[in-house]
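I want to see who pairs with whom, and where the partners sit.

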Amino acid sequence: MNVNGVLLRIILQMFTLTMQKNGYFRVKDGQTAEEIERVLSVPVSGEVFSGRIIVTEGNYAIHTTRAGEGYKTIAARYGVDEEELKRINSFKMIYPTCSVLIPAPEK
């Protein structure tokens, strides 16, 4: 099976379980935190292992960083608290082209 086929299978599994369990996702063998964050648009912190349950509630956008951007500039751009932004993204290092989850403003 090619890489696109594997990725499509993972996405379908994620979508199906999310729809079935409403707000929860069970990690499958071989899935990474980066894949889960990209597909479900929710922060994933801590160890990712087969069988782990991840809460998929919350409203997040994904920002792809550019050269020179950091938590401070991204927080200012979206009007969110810098420390909250760091916490949501598990204090990961930011580099060009990485994905950063941005919390949606509360209504």
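Started with helix 4, which covers residues 82-88; Glu82 and Lys86 lie four residues apart in it, so about one helical turn separates them. Keep in mind that this is a predicted model. I checked the side chains of this pair, and they meet in a salt bridge, 3.6 Å from N to O. The cut-off is 4 Å between a Lys or Arg nitrogen and a carboxyl oxygen of Asp or Glu, so the pair counts.

Next entry, still helix 4. Glu84 and Arg87 are three residues apart there, which again puts about one helical turn between them. Their side chains form a salt bridge too, with N to O at 2.7 Å.

Then I looked for salt bridges with shared partners. Arg66, Glu69 and Arg77 are joined that way into one network. Within it I noted the Glu69 to Arg77 contact, where the side chains meet in a salt bridge at 3.8 Å, N to O. That value also falls within the 4 Å cut-off.

Last thing I wanted was the tally. How many salt bridges does the structure hold? Six, by the count I looked up. Among them are Glu82 with Lys86, Glu84 with Arg87 and Glu69 with Arg77.

Key. Residues numbered from 1 in each chain as written. Predicted model: local features only at pLDDT ≥ 70, side-chain atom pairs only at ≥ 80, totals over all residues. Heavy atoms only, no water. Helix = DSSP H or I, 4+ residues; strand = E, 2+ residues; numbered from the N terminus.
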